[in-house]
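Please open the model in your viewer and keep the sequence panel beside it. The stops below say what to select next and what is to be found there.

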Amino acid sequence: MSTVSFSSALYLSMLALPRVGILVAMFSGVPLVLAQLQFPAQLLGTGAMVTSGGLVFLLGLLLHNPMPGLQVLIYVGWCGLPALLMAELLRRNVRVLPMVVSVTIQILFFLGGIGLFLYLKTHGQIWTSISQGIHGVVDSVMNTAIKNSQTSLTPAEQVKVLSLEPLIYQTFLGLVPGLFVSLSLMTSLVLWGTTVGVLESRLIRPGTVGIDKWVLPDYLIFALIGGMGLLLVPTLGSRLLGTNLLMIFGSLYVGQGAGVLLSYVRKRKIGPWFWIVSGLFVLIQPMFLLILALVGVIDIWADFRQIRGNSEGGGGSGEKSPYVDKKMDDLSGGDGGHRDSFRLFRLPNPDGRPCILG
């Protein structure tokens with residue numbers, strides 16, 4: 001019940017506070033990952049996902065959400081199924097970067113499929129409604145900018161500003177793919193990084209490889225350089241492509257920057273209050289994520305954590321997941337999945353030899 005209530009509450013924060021809630025909702029799959037890892041034989045995470053979906057539907061009705069069924073599908077595709085896939089990949093000890101990419105692709109395919117189904121089912125009317133809504137938002141923002149302008153604009157200048165509305169609308173639509181992919185990537189990173197952190201603090205000895213020792217392959221920086229290069233091309237299509245690339249690969253470097261920050265906090269032994277303050281900063285001003293991305297990029301050359309080139313420290317995307325080979329122990333006589341009867345963690349010793357903890 002705690003898994004269901006916690007996961008549902010995190011997701012429903014998106015309905016109450018859309019701007020802040022979308023960042024909080026990315027964590028709603030973490031309880032499902034932990035439940036699935038702890039009791040894989042009983043498929044506890046799957047059951048919690050189904051129950052949470054029903055709770056999201058009921059609470060959506062109470063909150064007078066116009067499409068509670070769609071909210072359930074978004075919850076399943078964005079939080080539920082990615083959590084179950086992440087749990088399975090962690091259990092199979094898949095490398096970090098392929099694991100994050102796999103979960104991201106699952107989110108994109110599921111939610112993209114839902115969007116395509118709704119588009120075909122409504123014969124394109126849903127896209128017309130969304131387009132009109134976006135037009136309305138753009139028009140409102142433009143009029144608000146004109147009214148709040150520090151200098152009074154002449155009627156001719158106002159007309160000139162409003163004439164930019166079609167270009168702004170087209171630009172926004174061109175950035176939707178990058179926003180969608182970057183949100184999916186950050187959700188995958190949150191699921192992996194938070195789950196690994198919880199497992200490390202509760203079940204695994206401190207020092208196990210996690211996001212604080214994870215580094216991206218250095219060659220990915222060329223994607224960012226290519227994106228910045230496309231911004232210099234004086235065509236709208238090239239600049240939109242470059243911006244999309246910057247958002248997508250910048251999201252990965254946000255994860256690397258978060259690893260640098262976590263490593264610093266652990267070395268300084270800063271208390272939990274730091275995470276409360278940092279979380280509030282990010283929720284109040286999401287642009288703080290740009291600083292983390294910048295730190296992640298600079299880490300390629302600065303090597304803040306002194307782990308690049310060290311096979312035990314990070315090794316880029318090729319490092320193993322710290323939650324390794326969770327197996328059933330059938331020697332206990334088949335007690336129906338009692339947690340102490342089957343939980344095995346194979347962890348690396350400091351000298352590199354495997355160590356079995358039961």
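**Stop one: a leucine in a helix**

Select Leu246, whose place is in helix α11, helices here being DSSP runs of H or I with at least four residues, and strands runs of E with at least two, both numbered from the N terminus. This is a predicted model, in which local features need pLDDT of at least 70 and side-chain atom pairs count only at pLDDT 80 or more, while totals for chains, interfaces and linings use all residues. Residues are numbered from 1 along each chain as its sequence is written, and side-chain values use heavy atoms, with hydrogens and water left out.

Leu246 counts as partly exposed because its relative accessibility is 23%; buried means under 20% relative accessible area, exposed over 50%, and partly exposed in between, with a 1.4 Å probe and protein chains only. Show its surroundings next: leaving aside neighbours within four places in sequence, Leu246 is in contact with Leu224, Gly227, Met228 and Leu231, where contact means heavy atoms within 4.5 Å. Leu246 and Met228 are 18 residues apart in sequence, and their C-alpha atoms are 7.3 Å apart in space.

From there, go to Leu232, in the loop between α10 (221–231) and α11 (236–268). Leu232 counts as exposed, because its relative accessibility is 70%, and its C-alpha lies 9.0 Å from that of Gly242, a residue 10 places away in sequence.

**Stop two: two packed helices**

Select residues 2–16 and 30–38, which are helix α1 and helix α3; they pack at an angle of about 155°, with their axes 8 Å apart. The axes are lines fitted to C-alpha atoms, for helices over the stretch in contact, and the angles run from 0 to 180 degrees between N-to-C directions. That angle makes α1 roughly antiparallel to α3, a label for angles over 145 degrees.

Not counting residues up to four places away in sequence, Ser8 touches Ser52, Leu55 and Val56.

**Stop three: the nonpolar core**

Which residues have the most contacts inside the largest nonpolar core? They are Tyr11, Trp78 and Trp192, in a core of 59 residues; such a core is a set of buried Ala, Val, Leu, Ile, Met, Phe, Trp, Tyr and Cys residues joined through side-chain atoms within 4.5 Å. Colour residues 68–91 as well, for this is helix α5, which gives the most to this core, with 11 residues. Centre on Trp192, which touches Met86, Leu90, Val96, Met99, Gly210, Ile211 and Trp214 when residues up to four places away in sequence are not counted.

**Stop four: two positive phi angles**

Most residues other than glycine have a negative phi. Asn93, in the loop between α5 and α6 (96–121), has a positive phi of about 60° although it is not a glycine, and Asn93 is buried, with a relative accessible area of 15%. Asp303, in the loop between α13 (288–302) and α14 (339–342), likewise has a positive phi, of about 50°, and counts as buried at 13% relative accessibility.

**Last stop: the whole chain**

Zoom out to the protein, whose secondary structure comes to 14 helices and two strands, and of whose 358 residues 41% count as buried.

Technical notes. Parallel < 35°, antiparallel > 145°, perpendicular 65-115°, else oblique.
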